[in-house]
Amino acid sequence: MNSSLPSPEIQNVDDRTGVELRSAANDPGTSSAFDTVVVLDFGSQYSQLITRRIRENGVYCELLAHDTPWDTVAGLEPKGVVLSGGPASVYDAAAPRLPEWVLEQNLPALGICYGMGLLATSFGGRVAASEHREYGPATISVMPSASPLFAGLPDSIEVWMSHGDSIESAPPGFSVLATSANSPVAGMAKDKIVGLQFHPEVAHTPLGADIIRNFLVHICGCRPTWTSESFIEVAIRDIQALVGNDRVLLALSGGVDSSVAAALIHRAIGGRLTPVFVDNGLLRQGEAALVREVFTRAFGMNLVFVDATERFLARLNGVSDPEEKRRAVGAEFIRVFEAEAEIHGPFQFLAQGTLYPDVIESTTADTRAAAKIKTHHNVGGLPDDLQFTLLEPLRFLFKDEVRAVGRSLGLPDEIVQRQPFPGPGLSVRILGPVTAPDLDLLRRADAIVRDEIEGAGLQDEVWQYFAVLLPVSSVGVMGDYRTYGRVCAVRAVTSQDAMTADWARLPHELLARISNRIVNEVHGINRVVYDISSKPPATIEWE
């Protein structure tokens, strides 16, 4: 696993509280020791993947809104800029425009899809709707060129296209680097300005990582010096500077994210951190006891345990809409933490294990160009009257990056390798209203899914695996009697970062055992189905 990581974001102006905080990543003293590239987000759902690919090369990177002013970017001292794709057409009147500073600062630039169109129109090229749109795999032919973008690569490359517009003619002075059957200009370059019609950041472009590396190393001149160890060093320094002598209350879920955040903050401020674990009644079977035991043994901190089952179930009573569930759970967590702060406080800061996918999918002010997929309880689900200043040192890390930090901090594998679990817990795995009887059904079914997959030794190959209780019943026959029971869906996916995922090809014999055990051991469920949807178009969770 690559250990290259981004700098921590300790927030700027929080759009929920209005509290202005220092952004460590925007402090020149923080990033100047590391070569940096910025990605401008024009609304592509792939923008975060570009950021990941750059970080995987050991280069520090930030994803910024497309209209971020140079005064904000300048502190990062970027050695290059990447322009993402997006849903708009560059010739639309309301389409996002290329910031003037991109060209004024004479920075190396890589435009991808829509970003390429912006570069083409800015330099006098012609962009128009394609006669034959390209969505899916394509083959490009690489032209002999002085540009190092395709250095060391074959002259025929399989790529992933996703565009309705194309470059009809390259700008004056630009060389055509590549063509495809439907794109006369699939790649172009002039000195350190390059554009690609296809998406090198996605896995469906197998040599895309090499293309991005060529841009970083040969065009931007970046050095791969950003690592998990350097992240920890910077994060500790910035947490200490922000918190000062104040105290921090940490929302501990027991998952890898909040556990790594706890270890990181504890290393920075020691005993002024108080982790609080809330059993909200929405956890998996045996999870509350497991978290208390493992966390106490691994960390040696004083853990505050709160059983808030009744208040969470009361808050969710009659709630069916998944967005409302997430908001309700997020708000109720804050109310519990406020109550605990009265007992154990005072606390100025509330720390969370918020990750980058949470931010991306919730579309906070940090990612306003992207379309909202769903609200995450710890991002968009927080109440407007939050009484704490948020501390989220992992806010711009992906899951595998968090695991790398956890290993560098010395956390045991039983914490670092825990599979993801949604903050709203089982409430978003019960489609429809949440009730205690349904939670009992789901817990028992989910325990069987986990037991069988882990018993088969597949837990390291499958990113996430769980059961979902559907709001429908079906007719069955058991022991010559008619039954009318609930339907359970089994979900198992493979992924790197949860931004994209594919359904896991579990052995048929394993699926048969899971189905047989659930139907026989969980009275009330008489049918099991297996979800074979990828992300996109689906999401990993059903709600």
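Strand β10 (residues 248–252) pairs with strand β13 (residues 349–351) in this predicted model. The two strands run parallel and are joined by three bridges. Within this pairing, L250 stands opposite A351 of β13.

β10 also pairs with strand β11 (residues 273–279). These strands run parallel too, and five bridges join them. Between the two strands, the chain passes through helix α8 (residues 256–269). This β-α-β crossover is right-handed.

Next, the burial of β10. Five of its five residues are buried. In a regular strand, side chains alternate between the two faces of the sheet. On one side of β10 lie V248, L250 and L252. On the other lie L249 and A251. Both faces are covered, and every one of these residues is buried.

β11 pairs in the parallel sense with β12, over four bridges. In that pairing, F277 stands opposite F305 of β12. The strands belong to an open sheet of five, in the order β12-β11-β10-β13-β14. The pairing is parallel. β12 (304–307) and β14 (389–391) stand at the edges. Each has a single partner strand, so one side of each is left without a neighbour in the sheet. Neighbouring strands are turned by 30° against each other on average, with direction ignored.

α8, the helix of the crossover, lies across β10, β11, β13 and β14. Its direction is at about 160° to β10. Helix α9 (residues 287–299) lies across β10, β11 and β12. α9 runs at about 160° to β11.

Elsewhere in the chain, consider S47. It is placed in helix α2 (residues 47–55). Is S47 buried or exposed? Its relative accessibility is 1%, and the cut-off for buried is under 20%. S47 therefore counts as buried. Which residues does S47 contact, leaving aside its neighbours within four places in sequence? They are V39, D41, L63 and S84. With S84 there is also a polar contact: the side chains of S47 and S84 are joined at 3.3 Å.

Methods:
Residues numbered from 1 in each chain as written. Predicted model: local features only at pLDDT ≥ 70, side-chain atom pairs only at ≥ 80, totals over all residues. Heavy atoms only, no water. Buried < 20%, exposed > 50% of the residue type's maximum accessible area, 1.4 Å probe, protein only. Polar contact = N/O pair within 3.5 Å; in protein donor to acceptor, adjacent residues only side chain to side chain. Contact = heavy atoms within 4.5 Å. Pairing = 2+ DSSP bridges. Right-handed = clockwise from strand over helix to strand, strands pointing away. Axes fitted to C-alpha atoms, helices over the stretch in contact; angles between N-to-C directions.
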